[in-house]
Amino acid sequence: MKTALDKASHAIQRRAVGAIVDVMVNKFDKDREKAYKEILDIIKQFWGKNFTDEAYEKVLSAMQDPDNKWMRYINRILDETDKNVAKVTLMNLGFEAFIRGTKTIRKNREIYNCNIPWLILFDPTSACNMHCTGCWSGTYGHKYSLSFEDMDKIVTEGKELGTYLYMLTGGEPTVRMKDIFRLAEKHHDAYFALYTNSTLINDEMCQEVVRLGNITFMLSIEGTPETNDARRGEGHYATVMNAMDLLKKYGIVFGTSICYTRNNIEAVTSDEFFKMISEKGARFGFYFHYMPVGNNAVPELMPTVEQRKYMIERIRYVRSMESDIEFYPMDFQNDGEYVGGCIAGGRNYFHINSAGDAEPCVFIHFSNANIHDSSILEILQSPLFMAYHKGQPFNRNHLRPCPMLENPELLQKMVHETGAHGTNLESPESVEHLCEKCKAYADTWKPEAEAVWAIQTHKVPKYENYAPENKTVQ
């Protein structure tokens, strides 16, 4: 853990980088290209030999190209973002999480011989004011909440390990906005991203977010008014549109959270949809494959094999230079290659529910550790999390990364061998019941995933955060 000398050194670094960022943010309106180069130089300084001269020149060349799609994208964000939001985002998400935090995390993975996450996801409350079809959260009710002290403990101990990004879900996290603002103010060097249904976003909330600068939102939306409201309830689409208008008005960077199902997949990936949310101010989006989790799940909502293959091609096309859509989508299930497969179990992230149970993934409701009686490090060294650590990657084909959805026999094995208990807060579900819903899907997807993987070109990673015996890069 951090010594007094470490803390003093960190404080000095943050002040120095903060002073540079202050100057750079002011330069964005005057000499943006110079400001970009100064940011690149800071990255090079901290990463040293891990940021090669070749990579430096490649990024610099892109920065100097006015026709580069992603430079237009970044410039658009800067033009629309409040200066304090821009400054704090660069400091907390850029310097603390991406640069300094990543180095600290990699060091601690070697020290503690376990997974150390880049982000932690937690639920401030189980309460939600909506009841979306097929979602487990809406059935929980107002039964459980993490106290402010619980959330403070999570962030304090997480930062000790190098984790500076925290995502909040639920339930509906904005129900606890007073405590979240207090948390963000105390941990002014961390960054907080809230998955929200948008219903409670208003002017007062936006004004406080601008003042703090270290909070962003991912708004749940599922395509057209018809496809969205069919699952989320009448009038929800209009509520999201209003929230987007408010966030854009106040210069708050925000994204979207989209669950793609058999029924909405075309609606949430059309050119019209991407361009609409981009014009509304959304700059990035997380796409989540529908998971048949919980006793009230609707397996019929799971995408077909052909739809999943379509998603692989579609999301990568939108991110390519061939597309004129200036929006950055990420696919939680199909982008496994870029993060080395399953990121759960603390490898890059894990989840703490509103009762304090530490779960390997937001979709895996099993645990053998709780934040009320374990530290973050003890959670990461608990039997179930160590089983994840020793088993990752669960499949070398990263189009089949999940130990539940694509390799259900592996999740059952880990749960039984570690004695993990179910943590579904409303209606407990056995691991056999959960995985049985995935078996037919896994069997059908396997040959298709193998065929797609075989024709793709795959880069050899320079860094793998697996257990030493599972690494291919030495």
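The legends below describe close-up views of a predicted model.

**View 1. The nine-stranded sheet.**
The sheet is open and has nine strands. Their order is E7-E6-E5-E4-E3-E2-E1-E8-E9, with mixed pairing. Strand E7 (328-331) and strand E9 (358-359) are the edges, each pairing on one side only. Strand E1 (residues 119-122) runs parallel to strand E8 (residues 349-352), and four bridges link the two. Leu119 has Tyr349 of E8 as its bridge partner.

Strand E4 spans residues 215-220, and six of its six residues are buried, so the rest of the structure largely encloses it. Side chains in a regular strand alternate between the two faces of the sheet. In E4, Ile215, Phe217 and Leu219 point one way. Thr216, Met218 and Ser220 point the other way. Both sets are buried. Strand E3 (residues 191-196) runs parallel to E4, joined by five bridges. Across this pairing, Phe192 stands opposite Ile215.

Seven of the seven residues of E5 are buried. One side carries Phe254, Thr256, Ile258 and Tyr260. The other carries Gly255, Ser257 and Cys259. Both faces are covered. E4 and E5 run parallel, with four bridges between them. Met218 has Gly255 of E5 as its bridge partner. E5 also pairs with E6 in the parallel sense, over seven bridges. There, Thr256 stands opposite Gly285 of E6.

**View 2. The nonpolar cores.**
The largest nonpolar core has 126 residues. Phe122, Phe192, Ile215, Phe217, Ile376, Met404 and Leu411 touch the most other members. Helix H17 (residues 431-455) gives the most to this core, with nine residues. What does Leu411 touch, leaving out residues up to four places away in sequence? Its contacts are Ile364, Tyr388, Pro403, Met404, Val431, Leu434 and Cys435. A second, separate core has 21 residues, among them Met24, Phe28, Phe46 and Met71.

**View 3. Packing of helices H7 and H8.**
Helix H7 (residues 177-186) packs on helix H8 (residues 203-212) at an angle of about 10°. Their axes are 10 Å apart. At that angle, H7 is roughly parallel to H8. From H7 come Met177, Phe181, Ala184 and Glu185. They meet Met205, Glu208, Val209, Arg211 and Leu212 of H8. By class, the contact has six nonpolar, no polar and three charged residues.

**View 4. Cis peptide bonds in two loops.**
The peptide bond from Gly170 to Gly171 is cis, with omega near 15°. Gly171 sits in the loop between strand E2 (165-168) and H7. The bond from Gln392 to Pro393 is also cis, with omega near 0°. Pro393 belongs to the loop between helix H15 (383-391) and helix H16 (408-418).

Most residues other than glycine have a negative phi. Asn113 has a positive phi of about 55°. Its place is the loop between helix H5 (83-112) and E1. Ser198 has a positive phi too, near 80°. This residue is in the loop between E3 and H8. Ser198 is buried, with a relative accessible area of 2%.

Definitions and conventions. Residues are numbered from 1 along each chain as its sequence is written. This is a predicted model: local features need pLDDT of at least 70, side-chain atom pairs count only at pLDDT 80 or more; totals for chains, interfaces and linings use all residues. Side-chain values use heavy atoms; hydrogens and water are left out. A nonpolar core is a set of buried Ala, Val, Leu, Ile, Met, Phe, Trp, Tyr and Cys residues joined through side-chain atoms within 4.5 Å. Buried means under 20% relative accessible area, exposed over 50%, partly exposed in between (1.4 Å probe, protein chains only). Contact means heavy atoms within 4.5 Å. Axes are lines fitted to C-alpha atoms, for helices over the stretch in contact, and angles run from 0 to 180 degrees between N-to-C directions. Angles under 35 degrees count as roughly parallel, over 145 as roughly antiparallel, 65 to 115 as roughly perpendicular and the rest as oblique. Ala, Val, Leu, Ile, Met, Phe, Trp, Tyr, Cys and Pro count as nonpolar, Asp, Glu, Lys and Arg as charged, and the others, Gly among them, as polar. Two strands pair if DSSP finds at least two bridges between them.
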